[in-house]
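Trainee: I'd like to learn how to read contacts and helix packing in a model. Can we go through one together?

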Amino acid sequence: MTTHAVPPPGFGRRLATWLHRHPRLQLGTLLAGPVGWLVIAYLGSLAILLLNAFWTTDSFSGRVVPTFTLESFQTLLTVEVYRTIALRTLGMAVAVTLTDILLAFPIAYYMARVASRGTRGFLVVAVLMPLWGSYLVKVYAWRVILQGNGLLDWALEPFGLSGPGLNQVANSWVVLSYLWLPYMILPIYAGLERIPGSLLEASSDLGAKAGTTFRRVIVPLVLPAVVAGSIFTFSLTLGDYITPTMVSHTKFIGNVIYDNSSLGSLPLAAAFSFVPIIVMVAYLLIARRLGAFESL
Amino acid sequence: MLESGWVRIGLRIMTGVTLAFIYLPLVVLAVYAFNASRSQVWPPAGLSLRWFAEAATSGSVLEALGTSIVAAAGATAIALVLGTALALAVQRYRFFGRETISFLVILPIALPGVVTGIALAATFKTIGIRFGLPTIIIGHATFCVVIAYNNVLARLRRLPRSAEEASADLGADTWQTFRRITLPMMRTALLSGGLLAFALSFDEVIVTNFTAGPGTETIPLWILSAIQRPNELPVVNVVALFLILLSVIPVYLAQRIGAETATVTR
């Protein structure tokens with residue numbers, strides 16, 4: 001029997017063997033970076049923000065004073081304008097989400113079940129492309145269209161009408177629905193595509209009319225996808241403070257937070273950010289129960 | 001066939017209208033980029049290419065473009081490393097808190113950007129970190145991790161473990177198996193995840209506005225401030241057109257990667 005001279009294993013190899021024998025340590029190495037980042041950089045920041053909500057600002061210097069107080073929450077609850085802004089923002093998030101569901105369903109349905117293979121590929125790309133960037137460009141485009149003497153004024157002029165200008169809340173509704181529409185189309189399309197045709201045939205074989213099949217088979221099956229899409233439309237609307245200022249002179253929760261973060265009261269901004277945080281965490285927990293995370 | 005003729009015609013019309021709705025504003029902006037006059041009246045009085053030259057030689061535009069590229073590259077690199085490590089851990093191991101982590105990782109993208117933005121800004125201010133490019137990168141990386149994580153996790157779920165086991169049986173150590181087997185099999189997932197993360201970071205403005213501080217401008221921040229100055233609007237139009245055209249690149253690449261993945265898995 002011949003024996004080959006095996007070179008002594010190098011450091012890397014020995015480390016690899018050692019790690020292989022200690023899978024927990026391997027796991028620890030993998031988790032250290034990402035969990036450290038998420039917990040320290042992200043949750044840590046959120047914690048500091050939430051702490052700030054219970055602090056106050058020195059009325060003289062404007063600096064944050066770390067003494068416990070519920071002052072900011074009191075201000076939010078008692079000052080009428082903050083309540084109006086909170087309700088306006090939540091109402092807008094609901095309106096934009098519903099609008100996007102209504103707009104997304106027909107095109108998603110067409111893509112998934114009517115269009116030919118080639119058309120479908122083209123449509124997927126056409127819907128996908130606006131998702132790849134230029135959020136601000138799109139808001140700006142709407143500003144250019146809506147402003148006085150813009151495209152809309154020009155198009156309405158023959159009818160003796162003029163555009164809404166840049167100070168209507170409805171502008172925000174149209175533009176936000178426009179911005180987040182692809183986030184709704186794509187999950188619904190994917191959800192519709194996953195429904196096997198045999199299920200629909202079975203439904204009609206059993207005597208259901210098209211409307212009944214749609215209501216009792218298709219809608220329940222795409223519901224998780226709709227919820228997945230609505231996470232985006234809802235959350236993105238709740239947090240937007242640029243669109244409202246650019247296309248309509250109205251304040252949303254995001255505007256109050258942003259305006260107070262640098263010049264006004266950081267504690268007030270921090271307290272107000274509780275609203276979108278609580279709403280979104282509740283939304284996510286419900287969405288997870290509805291199985292929406294698999295459709296993300 | 002479930003859908004009757006009328007329903008199909010209706011769907012086709014609505015699809016066309018929706019597509020027109022999606023693209024009309026972009027077309028309008030594209031036309032304005034060639035507008036000869038400074039005023040934003042529709043229809044434009046004449047056409048001209050003069051703003052293109054002005055945009056291409058504008059120092060602040062080029063500087064902002066450079067900042068955006070560096071920020072996006074940095075955030076993408078961090079996101080790929082952290083996202084891949086996390087996806088490997090979640091997919092390959094069973095451990096306490098696994099469910100919590102998969103919830104935690106989507107929080108930065110599921111919570112409104114304004115919350116992430118002010119949380120980071122408050123933290124930087126509290127611990128005294130100076131605002132600038134590094135703080136922009138930290139902010140972007142936080143929500144880009146989930147993009148890389150999702151892409152890699154989806155790939156790992158479909159990968160057979162047998163190739164890695166065979167590699168180990170043949171005497172390769174952990175590094176060799178990772179470098180020669182696991183990494184090549186994840187390559188397209190890393191590419192498409194990285195591409196998406198890059199695009200997301202390049203375009204981000206809601207969080208960036210909080211974490212940039214004075215003196216550092218990305219392209220979206222440049223647009224945001226230039227919009228306030230009426231005589232800069234023609235250049236904004238050109239930059240906007242440039243960004244619209246730029247978004248074709250990742251879509252094209254993503255389709256190519258998608259096509260490649262499709263053939264690999266078959």
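Trainee: Leaving aside neighbours within four places in sequence, which residues is B:I118 in contact with?

Mentor: This is a predicted model, so local features need pLDDT of at least 70 and side-chain atom pairs pLDDT 80 or more, while totals for chains, interfaces and linings use all residues. Residues are numbered from 1 along each chain as its sequence is written, with chains lettered from A and ligands numbered from 1 in written order. Contact means C-beta atoms, placed from the backbone, within 7 Å. B:I118 then touches A:L49, A:I257, A:S261, A:A269, A:S273 and B:F210.

Trainee: How many residues does each chain bring to the contact?

Mentor: Chain A brings 75 and chain B 72. Helix 2 of chain A (residues 23-53) gives the most on the chain A side, 16 residues; helices here are DSSP runs of H or I, at least four residues.

Trainee: How do I read two packed helices?

Mentor: Packed helices are described by the angle between their axes and the distance between the axes. Here, helix 4 (residues 80-114) and helix 10 (residues 210-239) of chain A pack at about 140°, axes 9 Å apart. Axes are lines fitted to C-alpha atoms over the stretch in contact, with angles from 0 to 180 degrees between N-to-C directions.

Note on methods: Two residues are in contact if their C-beta atoms, placed from the backbone, lie within 7 Å. Helices (H or I, at least four residues) and strands (E, at least two) are DSSP runs, numbered from the N terminus.
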